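Keep the sequence and the structure in view while reading.

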Amino acid sequence: MQCRKIILPVLIGLFTTTSAFCQTEVLKSVVNSLAFYKQKNDLKYLSNAKRSIDSLIKTQADSADVEKSVYRAVVNSSILYIDSLNKLNQPAAFLKQTTDLVDKLSANHRIYKFQAEMDYSHRCLANVYIRKAFVYMNNSDFVNALQLFLIAQKYAPSFKQLNIYIAYSNYKLGDLHTAVKYYSIMIADDSTKAEYVEAASNIYKSLGDTTKALEILKKGRKLLPQDRSLLLDEANIYNNKKDYRSLSALLTNLLDINTNNADIAFVAANCYDHLNQYDKAESLYLQAIDLNNSAFDPIFNLGLLYFKQSGIKQGKDNLSNVNRAVQWLEKANEISPNDVKCLEVLQLAYIQTGNKNQINRVNNQLKQLTNQ
């Protein structure tokens, strides 16, 4: 399965409205420092905010103060997200400490009063865990990458793109069932992308479930009706299953967008051939040969088509079709001299024309190839 390159996302802009946070006079210095960082983009203001909030939490009673703890979470999560190079020299356990604090606050029954602040801290932490996950992913450590993506999803459950990162990690780890579940989540509305549909379909095909693969492709094509790759994928499944009736329904669009593709012309010709629509098949075989005159299959199939028609039509038409069959089968034999099936059809055609020399030649060649 071809998986497209994953790009590190930005969930949202941060420090959008610190003024919207609830605040008391005692926390004014903390909020002001955050506001100054937003204006000046200087890390020293984040450092000042941390010193201010730390100075306000000295005792157990201070730690139990929900508002002060919320602002410690805001400040710490801001630093974790913004100071990715750790220029402020925070300890190694800083992320875990902040995560534990945010989780503890989230479980507090009074936290609804600080929804804006907590949402902000959650977004910061989600960004941090995504960033760290991509470091692991870029080093092909998908075990740790997946763990961090799942943590990020806990803090940003509405960020749909995380489903793709989780799906991709599971795919690389060989957990195809989980991978396709997460890809399928993304194939739900008009915002989906063709690569998500292709990825899910390809996984189902690798699992041997072409029914599910077709369901995904049909759903994707309803959402992305102009996408050529999805149309081709669906057509390939029908062709591989030899479901020519279903394939024929796609051929008009498929040919319109692949006018100079010899392979598509051959697939369409072969489909019409199996549906006994011989005029369409003949025209498309000739088109495929015109686009690639060195390909064996369309030349052999055209010869076989004429030979089949010789058994249907009588009189002059019969002889004409036999001669045309011989013409194209001989061309196919030149391309692939040892193709047994082609030689066997040629043998039958020569019998109808009464060409004994060619019959003997083909008989001898077949004996050598089949060891009879």
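The charged end of K331 lies over the ring of W328, 5.8 Å from the ring's centre. A charge counts as sitting over a ring if NZ of Lys or CZ of Arg is within 6 Å of the ring centre and within 35 degrees of the ring normal.

This is a predicted model: local features need pLDDT of at least 70, side-chain atom pairs count only at pLDDT 80 or more, and totals for chains, interfaces and linings use all residues. Residues are numbered from 1 along each chain as its sequence is written, and side-chain values use heavy atoms, with hydrogens and water left out.

**Aromatic pairs**

Rings of Phe, Tyr and Trp (its six-membered ring) pair if their centres lie within 6.5 Å; planes under 30 degrees apart are stacked, over 60 edge-to-face, and the rest tilted. That rule gives eight aromatic pairs. Two of them are tabulated here.

| Pair | Centre distance | Plane angle | Class |
|---|---|---|---|
| F134 and F149 | 5.5 Å | 85° | edge-to-face |
| F296 and F300 | 5.5 Å | 5° | stacked |

F134 belongs to helix α6 (residues 115-138) and F149 to helix α7 (residues 142-155); the pair links distant parts of the chain, 15 residues apart. Helices here are DSSP runs (H or I, at least four residues), numbered from the N terminus. F134 is buried, with a relative accessible area of 5%. F149 is buried too, at 0%. Buried means under 20% relative accessible area (1.4 Å probe, protein chains only).

F296 and F300 sit four residues apart in helix α16 (residues 296-310), about one turn of the helix. Both F296 and F300 are buried.

**Helix α12**

Helix α12 (residues 228-241) has 14 residues. From first C-alpha to last it reaches 20 Å, close to the 20 Å expected at 1.5 Å a residue; the expected span is 1.5 Å times one less than the number of residues. Its buried residues include L230, L231, A235 and Y238. Among the elements covering the buried residues of α12 are α10 (194-206) and α13 (244-256). K242 follows α12, with a positive phi near 60°.

**The core**

Which residues have the most contacts inside the largest nonpolar core? They are I53, V70, L105, F149, Y183 and L247, in a core of 121 residues. α6 gives the most to this core, with 11 residues. A nonpolar core is a set of buried Ala, Val, Leu, Ile, Met, Phe, Trp, Tyr and Cys residues joined through side-chain atoms within 4.5 Å. Leaving aside neighbours within four places in sequence, L247 is in contact (heavy atoms within 4.5 Å) with A235, Y238, N239, V267 and C271.

How values were computed. Helices (H or I, at least four residues) and strands (E, at least two) are DSSP runs, numbered from the N terminus. Buried means under 20% relative accessible area, exposed over 50%, partly exposed in between (1.4 Å probe, protein chains only).
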